Amino acid sequence: MKVPFVDLQAQYQSLAEEMTTAVGGVMERCDFILGGKVTEFEEMFADYCDVAHGVGVDSGYSALELLVMAYGIGPGDEVITAANTFIATTLAISNTGATPVLVDCDPRTFNIDPTKIEAAITPRTKGIMPVHLYGQPADMDPIMALAEKYNLVVIEDASQAHGALYKGRRVGSIGHAAGFSLYPGKNLGAYGDAGIVVTNDADIAEKIRMLRNLGMKIKYHHEIKGFNRRLDTMQAAVLCVKLPHLDGWNENRRRVAAEYDRALEGLPLTRPYVPGWAEPVFHLYVVRVADREGLQKHLNERGIASGMHYPIPIHQLEAYEELPYETGDFPVTEGYASEILSLPIFPELTTEQVGLVAEAIREYTAVVV
Ligand SMILES: *Cc1c(COP(=O)(O)O)cnc(C)c1O
């Protein structure tokens with residue numbers, strides 16, 4: 001029996017009939033561009049996140065980048081974010097001309113360390129972009145307090161955390177605005193690229209609506225220079241079918257995580273740490289282990305897939321040579337980058353499959369230690 005890293009087919013099978021009807025409906029109506037399903041999904045998802053407005057876009061990257069622009073952030077400005085994130089986070093900042101300013105992560109949660117943010121604030125700082133990495137909410141209260149003190153905007157990168165709760169509040173409703181990726185492998189994923197912005201700020205929502213649609217509210221009345229970054233109606237129809245299942249899927253991800261926790265107890269590796277105030281959604285289940293490459297090879301030989309999120313910190317990527325950082329600047333991020341391994345996790349992963357993964361890890365660590 002092989003254990004894949006994710007299994008999108010299993011989920012599709014459970015929804016196949018509904019999906020055919022939903023996508024067929026779009027084809028019958030031919031409302032392909034900003035059609036009825038786009039509005040329907042935007043309202044459903046905003047509601048789900050406890051915010052007033054949702055604006056569908058073509059990717060998570062676009063959601064974040066358009067937000068940076070909508071807040072008037074650009075060349076000469078700085079936005080603080082985590083050194084250990086996916087490059088889409090920092091590209092959403094740097095592609096506007098603004099500079100990403102990196103901060104190290106907390107050694108237990110792997111989310112941005114709020115105690116290290118204040119030292120990174122300069123007169124050019126305009127915003128903070130915390131990332132709810134692996135489906136674990138970032139510690140938002142101290143971040144919002146700093147934002148208030150220094151008059152900064154907080155844009156949550158919630159691309160890995162659809163439905164997670166921070167002190168009982170939905171991720172995406174805590175900052176001034178949030179961007180979600182709806183990439184197929186995310187906790188809520190379309191059947192292609194998609195993303196959404198959520199916010200309680202009506203002006204920002206309006207600005208995003210214009211930026212995603214060539215800068216217009218009324219056809220051919222272009223008020224600003226925008227882009228074509230619209231959410232596709234077909235993808236919105238898919239997402240409308242999926243959203244009602246999200247809580248159930250997240251519950252199953254937590255079930256898988258709990259099974260891993262029990263099965264891996266006592267082994268020489270570090271399991272995910274969940275603070276008391278967090279209800280995570282386990283986009284990833286990331287362990288920290290000394291001989292990561294060896295363990296990955298061992299799992300591979302047994303047909304068990306795994307991943308690394310992410311093997312190279314932002315400041316060590318070739319694409320970010322221009323940033324003024326050196327190796328050693330972010331010791332927590334750098335230390336854990338070579339030790340992290342993401343185990344298979346998805347809602348349909350069976351207890352038996354978790355057992356196979358755990359058994360293979362047990363075997364390996366018994367030999368090595
Ligand atoms: C997936 C992801 C994104 C970008 O999403 P796309 O939809 O692929 O553009 C941004 N940030 C994080 C943390 C992600 O995991």
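Modeller: There are zero disulfides in the structure, a disulfide being a pair of cysteine sulfur atoms within 2.5 Å. For Cys49, the closest cysteine sulfur belongs to Cys240 and is 14 Å away, too far for a bond. Cys49 is also buried, at 1% relative accessibility. Cys105 is buried too, at 0%. Buried here means under 20% relative accessible area, exposed means over 50%, and partly exposed is in between, with a 1.4 Å probe and protein chains only.

The model is predicted, so local features need pLDDT of at least 70 and side-chain atom pairs count only at pLDDT 80 or more, while totals for chains, interfaces and linings use all residues. Residues are numbered from 1 along each chain as its sequence is written, and side-chain values use heavy atoms, with hydrogens and water left out.

Now the sheet. Seven strands make up an open sheet with mixed pairing, in the order S1-S9-S8-S5-S4-S2-S3. Helices (H or I, at least four residues) and strands (E, at least two) are DSSP runs numbered from the N terminus, and two strands pair if DSSP finds at least two bridges between them. Strand S1 (53–57) and strand S3 (99–103) are the edges, each pairing on one side only. From one strand to the next, the twist averages 25 degrees. Angles run from 0 to 180 degrees between N-to-C directions, and axes are lines fitted to C-alpha atoms, for helices over the stretch in contact.

Glu78 stands opposite Thr125 in S4.

Two helices lie across these strands. H3 lies across S1, S4, S5, S8 and S9, at about 160 degrees to S8. Contact means heavy atoms within 4.5 Å.

H3 also meets another helix. The axes of helix H3 (residues 60–70) and helix H6 (residues 202–212) come within 10 Å and cross at roughly 115 degrees. This crossing is right-handed: a crossing is left-handed if the near helix is turned anticlockwise from the far one by less than a right angle, and right-handed if clockwise. On the H3 side the contact involves Leu66, Leu67, Met69 and Ala70, which meet Ile204, Lys207, Ile208, Leu211 and Arg212 in H6. By class, the contact has seven nonpolar, no polar and two charged residues. Ala, Val, Leu, Ile, Met, Phe, Trp, Tyr, Cys and Pro count as nonpolar, Asp, Glu, Lys and Arg as charged, and the others, Gly among them, as polar.
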